[in-house]
Amino acid sequence: MKLISAGETAANTNISAETGEDLVRIGEMAKKYGVTLRTLRFYEDKGLLNPQRDGSTRLYTRRDKARLKLILLGRKVGFSLRDVKQMMDLYDPTGSNAKQLKLALDKSEKQLARLQKQRALIDDAINDLSGSMSAVRQMLSERSAPQASAAS
C-alpha cells in the first residue's frame, strides 16, 4: 500500500480537479513505460513532453502519455527525435491533420526503405558468417579426425 501525505493528496486533488485529468508523477510514468527519469527529463528539455508542475513535481497528463508512446514507437522504428518532434508538432486537435499524416507517411516510407536495406546487409553478413563458421568447423573436424584415429 502506498502512503500519501495529506499535502500530497490535496495538491494532486486540486490539480486533477482543475484540469479534469488523471495526472501521473514522473516515477510512475517512467516505470509504466520502461524509461528512466533522465529520459523523461531529456524529452522535456527537447520540447517533446510538457508536464505540468506542482512545485518541483512533474505531473504528466493523458496528452503526455500519448506523446511518450509516439516517441517510443518512433525511436523503436529508427526515427530521430527531431523527426518525431516534427511529426508531433504538426498535430492540430481541431484540424484534419492531413499535413501531419502526409509527413508521417513520407518519413515512414523512407525509414522502411532504410530498414529493408539494413536487413539485406544483415542477411548478407549472417550468410557470410555462417559460411565461414562451416568452413572452420570442417577444418577443425579434419584436424581432429587423424588424431582420434592415431590414438586408437
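1. A word on what you're looking at. This is a predicted model, where local features need pLDDT of at least 70, side-chain atom pairs count only at pLDDT 80 or more, and totals for chains, interfaces and linings use all residues. Residues are numbered from 1 along each chain as its sequence is written, and side-chain values use heavy atoms, with hydrogens and water left out.

2. Now the layout. The protein chain has 6 helices and 3 strands (DSSP runs numbered from the N terminus: helices are H or I with at least four residues, strands are E with at least two). Along the sequence the pattern reads α-β-α-α-β-β-α-α-α. Of its 152 residues, 23% count as buried.

3. Start with helix α5 (81–89). Its buried residues are Leu81, Asp83, Val84, Met87 and Met88. They fall within an arc of 160° when you look down the axis of α5, so they line one face of the helix (the arc is taken over the directions from the helix axis to the C-beta atoms). As a reminder, an α-helix has 3.6 residues a turn, so residues three or four places apart point the same way.

4. Aspartate 89 pairs with lysine 85, with the closest N and O atoms 2.6 Å apart. These two are 4 residues apart in α5, so about one helical turn separates them.

5. Aspartate 89 also bridges to arginine 67, at 3.7 Å between the closest N and O atoms. That pair links distant parts of the chain, since arginine 67 sits in α4 and aspartate 89 in α5, 22 residues apart. Arginine 67 counts as buried at 9% relative accessibility, while aspartate 89 is partly exposed at 43%.

6. Then there's aspartate 83 with lysine 107, whose closest N and O atoms are 3.0 Å apart. Here α5 is linked to α6, across 24 residues of sequence. Are these two partners buried or exposed? Both aspartate 83 and lysine 107 are buried.

7. The largest pocket holds about 410 Å³ of space. Of its 16 lining residues, the closest to the centre are Leu70, Val84, Met87, Met88 and Gln100. Helices α4, α5 and α6 each give two or more residues to the lining, and α4 has the largest share, with 6. (A pocket is an open set of points on a 1 Å grid over the protein atoms alone, where a 1.4 Å probe fits, with protein on both sides within 12 Å along at least five of seven lines; lining residues have an atom within 4 Å of a point. The volume is the space filled by probe spheres set on the points, which are joined across faces, edges and corners.)

8. Finally, look at α3 (residues 37–45), where Leu40, Tyr43 and Glu44 are buried. Viewed down the axis, they fall within an arc of 105°, so they line one face; Arg38 and Asp45 are exposed on the other side. Glu44 also belongs to a salt-bridge network with Arg53 and Arg58. Arginine 53 lies in strand β2 (residues 52–54) and is partly exposed, at 43% relative accessible area.

Methods. Buried < 20%, exposed > 50% of the residue type's maximum accessible area, 1.4 Å probe, protein only. Salt bridge = Lys/Arg side-chain N within 4 Å of Asp/Glu carboxyl O.
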